[in-house]
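Dear colleague,

Please find below the structure for your review. My notes on it follow directly after.

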Amino acid sequence: GNGLRLTASYGTAFKAPTFNQLYDPFVGNPAIRPEKSESIELALRGKEEWGKWDVRAYRTDVDDLIIFQPPTYQAANINRARIRGLETEISTRTGWGELALNATLLDPRDVETDKLLPRRARRSLRLDADRAFGPLRLGAEWLVQGHRYDDPANTVRMGGYGLANLRAQYDLGKYWFLRARADNILDKEYETAATYNSLGRRYFVTLGYQAR
């Protein structure tokens, strides 16, 4: 039936730098420090006759956040970073199929400079649609990302983009399935790191086994 659920959580984390971040001959920095963070989250979830929804607000404080600093892209630390976010998800099942919407608002900042953290979009949205035809399941995905900056000084701006993806799965029996996926079907040119174009249209086919 209908109902609301409110939860709160708190956690800490430790992230050591990778071998490449420490010793890579081009971007490594032996003086890099590990990340330490603490997070709090408040979530409200509901279940209605038409489907489910949830809203999550969170904040993460990070000491010594590891980034790659332009123009050399050597590993470096941001002394104090704060990431505040609001995320909502809505899903429903109709006679046509299943629909799900996920939207995120993010405020990722360097506390000392008040600049946005590099390579993090402040706004994102994802829409999924799926429908089953017996053993065949078809799905589509639309992903939208807002603009972001490549550098801590926020001088190199990368535009936002939208991607459309398709997927299909066919159950061959009780355990085996055939899965196909087409990503970036509109062959959109976009960047998540300056001067590095992401992959264009691409296809994947998988034959899989799943114990049930």
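With which residue does Arg181 form a salt bridge? The partner is Asp183, and the closest N and O atoms are 2.6 Å apart. A salt bridge is counted here when a side-chain nitrogen of Lys or Arg lies within 4 Å of a carboxyl oxygen of Asp or Glu. Asp183 is buried, with a relative accessible area of 10%, whereas Arg181 is partly exposed at 28%. The cut-offs are under 20% relative accessible area for buried, over 50% for exposed, and partly exposed in between (1.4 Å probe, protein chains only).

Basis of the values

The model is predicted, so local features need pLDDT of at least 70 and side-chain atom pairs count only at pLDDT 80 or more, while totals for chains, interfaces and linings use all residues. Residues are numbered from 1 along each chain as its sequence is written, and side-chain values use heavy atoms, with hydrogens and water left out.

Confidence and overall form

The mean pLDDT (the predictor's confidence in each residue, from 0 to 100) of the protein chain is 95, and 99% of its residues reach 70 or more. Confidence is highest in strand E5 (residues 98–110), at a mean of 98, and lowest in strand E13 (residues 196–197), at 80.

The protein chain has one helix and 14 strands; these are DSSP runs numbered from the N terminus, with helices (H or I) of at least four residues and strands (E) of at least two. Its C-alpha trace spans about 55 × 40 × 35 Å along the principal axes. Of the 212 residues in the chain, 32% are buried. Among contacts (heavy atoms within 4.5 Å) with a separation of 6 or more, 52% are between residues 24 or more positions apart. The accessible surface, from the Shrake-Rupley method with a 1.4 Å probe and, for residues, only the protein chains shown as cover, comes to about 13,400 Å², of which 56% belongs to carbon and sulfur atoms.

Nonpolar core

The largest nonpolar core has nine residues: Val62, Leu65, Ile67, Ala76, Ile78, Ala81, Ile83, Leu106 and Leu117. Strands E3 (51–69) and E4 (74–93) each supply at least two residues of this core, and E4 gives the most, with four. Such a core is a set of buried Ala, Val, Leu, Ile, Met, Phe, Trp, Tyr and Cys residues joined through side-chain atoms within 4.5 Å. Leaving aside residues up to four places away in sequence, Ile83 touches Tyr58, Arg59, Thr60, Leu106, Asp107, Pro108, Leu117 and Arg120.

Salt bridges

The structure holds 19 salt bridges. Side chains of opposite charge can pair when their charged atoms come close. The pair from the opening question belongs to a network that links Arg126, Asp128, Asp130, Glu141, Arg167, Arg181 and Asp183.

Arg109 has two partners to note. Its side chain meets that of Asp107 at 2.8 Å, N to O, and Arg109 also forms a salt bridge with Asp114, the closest N and O atoms being 4.0 Å apart. Asp107 is buried, at 13% relative accessibility, whereas Asp114 is exposed, at 52%.

Nonpolar surface patch

Tyr170, Leu172, Tyr175, Trp176, Leu178, Val205, Leu207 and Tyr209 make a nonpolar surface patch of about 840 Å². E11 and strand E14 (202–209) are the elements that give two or more residues to this patch, and E14 gives the most, with three. Patches are made of residues with over 30% relative accessible area and no salt bridge, where like charges are joined within 9 Å and nonpolar side chains (Val, Leu, Ile, Met, Phe, Trp, Tyr) within 5 Å.

Tyr175 lies in the loop between E10 and E11 and is partly exposed, at 31%. Gly173 is in the loop between strand E10 (161–171) and strand E11 (176–183). Gly173 and Pro135 are 38 residues apart in sequence and 8.7 Å apart in space, C-alpha to C-alpha.

Backbone geometry

A cis peptide bond, with omega about 5 degrees, joins Pro70 and Pro71; Pro71 is found in the loop between E3 and E4. Asp64, in strand E3, has a positive phi of about 60 degrees although it is not a glycine, and Asp64 is buried at 17%. Asn184 likewise is not a glycine and has a positive phi, of about 50 degrees. Asn184 sits in the loop between E11 and strand E12 (191–193) and is buried, with a relative accessible area of 1%.

With kind regards
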